[in-house]
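Me: I would like to understand how the terms used for a protein model follow from its values. Could we go through them one at a time?

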Amino acid sequence: MDIRLGNGFDVHAFGPGDHVMLCGVKVPFTQGLVGHSDADVGLHTITDAIYGAVAQGDIGTHFPPTDPKWKGAESHIFLRHAVDLAAEMGFIVQNIDCTLICEFPKIGPHAAGMRVRVADIAGIDAGRVSIKATTSEKLGFTGRGEGIACIATAALLGA
């Protein structure tokens, strides 16, 4: 039995917009997130956790932000690629634990939908996905409301 753990970390700044994409869910908000793709900080972080577990670099390795092909891309493409790559290597995702770090928008009302969406993209049961949030107690860039940070861990099992 081959058990692998990977972690991911990402940040995106707030910018113009009327919603943020978080863990595959469109959350209404007074701002958007800035990024080359749809700037879904949650899916980017989970994707990196899976790539890390199978030692295959990071999201920028597979989807370079310098490539105009990925401008505005929906981040579920990245997560699905990571899951498929892991499967090609003989691994399946066992669980995902994701923490969004922000003062706002409030994550609680959307967390259940995010769990279901991440599970759907990853092809696993929603009971194997944890989406939660914390604030940074008004400290740092997240505390000042300048953006969102995220950390995630993924556990994979190989034969």
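Predicted model: local features only at pLDDT ≥ 70, side-chain atom pairs only at ≥ 80, totals over all residues.

Me: Why is α1 called roughly parallel to α3?

Reply: Helix α1 (residues 41–53) and helix α3 (residues 76–88) pack at an angle of about 15°, with their axes 9 Å apart. Angles under 35 degrees count as roughly parallel, over 145 as roughly antiparallel, 65 to 115 as roughly perpendicular and the rest as oblique, and therefore α1 is roughly parallel to α3.

Me: Which residues of α1 and α3 make the contact, and what classes do they belong to?

Reply: Contact means heavy atoms within 4.5 Å; among the residues that make it are Leu43, His44 and Ile46 of α1 and Phe78, Leu79 and His81 of α3. By class, this contact of α1 with α3 has 10 nonpolar, 4 polar and no charged residues.

Me: What makes α3 oblique to α4?

Reply: α3 and helix α4 (residues 111–122) pack at an angle of about 50°, with their axes 8 Å apart. Because of that angle, α3 is oblique to α4. The contact is formed by His76, Leu79, Arg80 and Val83 of α3 together with Arg117, Val118, Ile121 and Ala122 of α4, and these residues divide into 5 nonpolar, 1 polar and 2 charged.

Me: What is the volume of the largest pocket, and which residues lie nearest its centre?

Reply: A pocket, on a 1 Å grid over the protein atoms alone and with a 1.4 Å probe, is an open set of points with protein on both sides within 12 Å along at least five of seven lines, and lining residues have an atom within 4 Å of a point. The largest pocket has a volume of about 180 Å³ and is lined by 13 residues, of which Ser37, His44, Ile59, Phe63 and Pro65 lie nearest its centre. Its lining divides into 5 nonpolar, 6 polar and 2 charged residues.

Me: Where are proline 105 and alanine 39 found?

Reply: Proline 105 lies in the loop between β5 (91–101) and α4, and a cis peptide bond, with omega of about 0°, joins phenylalanine 104 to proline 105. Alanine 39 is found in the loop between β4 (32–33) and α1, and has a positive phi of about 65° although it is not a glycine.

How values were computed
Residues numbered from 1 in each chain as written. Heavy atoms only, no water. Axes fitted to C-alpha atoms, helices over the stretch in contact; angles between N-to-C directions. Helix = DSSP H or I, 4+ residues; strand = E, 2+ residues; numbered from the N terminus. Nonpolar A, V, L, I, M, F, W, Y, C, P; charged D, E, K, R; others polar. Points joined across faces, edges and corners; volume = space filled by probe spheres on them.
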